Amino acid sequence: MDYNLCQRISELRNRFGITQSELAKRLGVTRSSVNAWELGFATPQLKHVVEMSKIFGTTVDGILNVSPKVIVDISDLSEKEQQAVFGIVDCLKAQHDSRE
């Protein structure tokens, strides 16, 4: 299990002032399950991750500690316009990579 997930569950639970027992009750699992998640001995089921995202007012990515990505819908552009956008993005990424 990813250490970040363990740490993130514990961090969010503590930030919201919720005990392991309280979180377990809200999720319909045992306190030892929550403890195992936080110690990295077990991985919560997806349904529990989704429910935790609701409890903690974040996204599933927020629980999984995934860096947010920007999504832009360009599906209404023509193929030529989409290719132009991809070209610009590739150019900007190359400039960014060369600075690192």
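Me: What makes 12 side chains positive and 13 negative in the protein, and how far apart do the centres of the two sets lie?
Reply: The centres lie 10 Å apart. Lys and Arg count as positive, Asp and Glu as negative, with His and the chain ends not counted; each charge is placed at NZ of Lys, CZ of Arg, CG of Asp or CD of Glu. Mind that this is a predicted model: local features need pLDDT of at least 70, side-chain atom pairs count only at pLDDT 80 or more, and totals for chains, interfaces and linings use all residues. Residues are numbered from 1 along each chain as its sequence is written, and side-chain values use heavy atoms, leaving out hydrogens and water.

Me: Why is Glu38 called buried?
Reply: Buried means under 20% relative accessible area (exposed is over 50%, partly exposed in between; 1.4 Å probe, protein chains only). Glu38 has 13%, so it's buried.

Me: What makes the link between Glu38 and Gln20 a polar contact?
Reply: The cut-off is a pair of N or O atoms within 3.5 Å, where within protein one must be able to donate a hydrogen and the other to accept it, and residues adjacent in sequence count only if both atoms are side-chain atoms. The two side chains are at 2.9 Å, so the pair passes.

Me: Which residues does Glu38 touch, leaving aside those up to four places away in sequence?
Reply: Cys6, Ile9, Ser10, Arg13 and Gln20, a contact being heavy atoms within 4.5 Å.

Me: How much of the protein is buried?
Reply: Buried residues are 27% of the 100.
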